[in-house]
Amino acid sequence: MTKIIESHQWFETIKHKDYLYVIRERLDEIDPRFDTTYTNLYIVLGSHSALLIDTGCGLFPLKPIINDLIDDKQLIVINTHSHFDHIGSNSEFDKVLIHKRERKLISKPRDLSFLKDSSKEVIKRYESKNYILPPVKEIQAVDDEEIIELGDLSIKIIHTPGHSPGCISLLTNKHELFTGDTAHYGAMYLTKATFPIILSSISKLLDMYKEFKDIEIYPSHEEFAVGKELLVQLSQGIQNIDNIWDTKTRDDFLGAWLLSDENFKYVIF
Ligand SMILES: [Zn+2]
Ligand SMILES: [Zn+2]
């Protein structure tokens with residue numbers, strides 16, 4: 001018998017602060033081969049508008065969950081970047097913001113047929129959509145340093161390329177820093193050719209601590225509300241990859257090299 005699950009059971013909603021909700025889904029329950037447990041979406045509630053950061057994997061309807069949290073506030077939706085686990089429910093919303101360098105990547109249907117041989121039963125929900133994620137109707141390209149106004153709260157866009165060309169981080173005026181896939185614990189997906197780019201993005205984020213010592217980090221995967229040490233450890237870890245390169249193993253599903261140190265796993269393309 002197939003167990004029926006619904007959005008409210010699939011997504012875990014955590015009220016982390018009065019104005020900040022974390023909505024988590026289990027990426028390992030979709031496909032354990034990504035070696036990632038959680039994808040984190042965030043809702044930031046301002047006095048007149050709410051910002052949804054990422055739309056998840058698109059297996060279950062997300063909009064009903066969001067509507068329950070934002071009351072009658074105007075909703076703004078942004079993608080930290082265009083990977084499938086961050087854009088899945090884009091088509092449920094009228095408009096999505098994304099960095100200009102990844103605008104085109106979310107304008108077409110996304111083929112998820114690489115997930116077909118996942119060991120997880122829930123993947124059958126994609127089968128009914130022929131493993132295609134439909135695109136959002138309207139896309140608004142954004143750029144570095146743009147500000148999103150939510151009323152009493154404002155959020156600055158910071159271009160942090162490396163993991164992908166249009167990756168963004170977002171800093172609220174209350175010093176929550178959303179880092180997307182630019183920095184998180186667990187399995188970091190990186191391209192060897194862009195190590196210098198990601199390292200300069202991480203130091204750009206570290207530089208912000210010179211101005212605001214109390215920044216808290218909210219990544220798009222795994223633990224959230226972590227400190228500056230995440231960025232310090234990640235920067236050191238990436239710079240050390242050449243020294244541990246001989247310990248790499250091959251992952252054929254991901255088509256990448258796997259390495260690890262005491263803080264991170266690295267999936268290197
Ligand atoms: Zn990603
Ligand atoms: Zn991701």
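Predicted model: local features only at pLDDT ≥ 70, side-chain atom pairs only at ≥ 80, totals over all residues.
In soluble globular proteins, nonpolar side chains tend to be buried together. When neighbours within four places in sequence are left aside, Y42 is in contact with L20, Y21, V22, I53, F178 and Y218. L51, for its part, is placed in strand β4, which is formed by residues 49-53. Residues up to four places away in sequence not being counted, L51 touches V44, I76, I78, I148, L150 and I155.

An open sheet is formed by five strands in the order β10-β11-β12-β13-β15, with mixed pairing. Its edge strands, each of which pairs on one side only, are β10 (147-149) and β15 (216-219). On average, and with direction ignored, neighbouring strands of this sheet are turned by 25 degrees against each other. Within the sheet, β11 (residues 154-159) and β12 (residues 168-172) pair in the antiparallel sense over five bridges, and I157 has L170 as its bridge partner in β12. On to β13, strand β12 is joined by two bridges, again with the strands running antiparallel, and here the bridge partner of L170 is F178. Five of the five residues of β12 are buried, so this strand is largely enclosed by the rest of the structure. The burial concerns both faces of β12, with I168, L170 and T172 on one side and S169 and L171 on the other.

Helix α5, made up of residues 195-211, has 17 residues and should therefore span 24 Å at 1.5 Å a residue, which agrees with the 26 Å between its end C-alpha atoms. The buried residues of α5 are I198, S201, I202 and L205. These residues lie on the same side of α5, because the arc that they cover around the axis is only 95 degrees. An α-helix has 3.6 residues a turn, so residues three or four places apart point the same way. Among the elements that cover the buried residues of α5 are β12, β13 (176-180), β14 (186-190) and α6 (229-239). On the other side of the helix, by contrast, P196, S203, D207, K210 and E211 are exposed.

Positive phi values were also examined. Most residues other than glycine have a negative phi, and most peptide bonds are trans. In D35, however, phi is positive and near 60 degrees; D35 lies in the loop between β2 (20-26) and β3, and counts as partly exposed because it has 16 C-beta neighbours inside 10 Å. The phi of D71 is likewise positive, near 50 degrees, and D71 is found in the loop between α2 (63-70) and β5 (74-78), where it counts as exposed because it has 8 C-beta neighbours inside 10 Å. A positive phi, near 75 degrees, is also taken by H175 in the hairpin of β12 and β13, which has three residues between the strands.

Technical notes
Residues numbered from 1 in each chain as written. Chains lettered and ligands numbered in written order. Contact = placed C-beta atoms within 7 Å. Pairing = 2+ DSSP bridges. Helix = DSSP H or I, 4+ residues; strand = E, 2+ residues; numbered from the N terminus. Axes fitted to C-alpha atoms, helices over the stretch in contact; angles between N-to-C directions. Buried ≥ 20, exposed ≤ 12 C-beta atoms within 10 Å, placed from the backbone. Expected span 1.5 Å × (residues − 1). Arc of directions from axis to C-beta.
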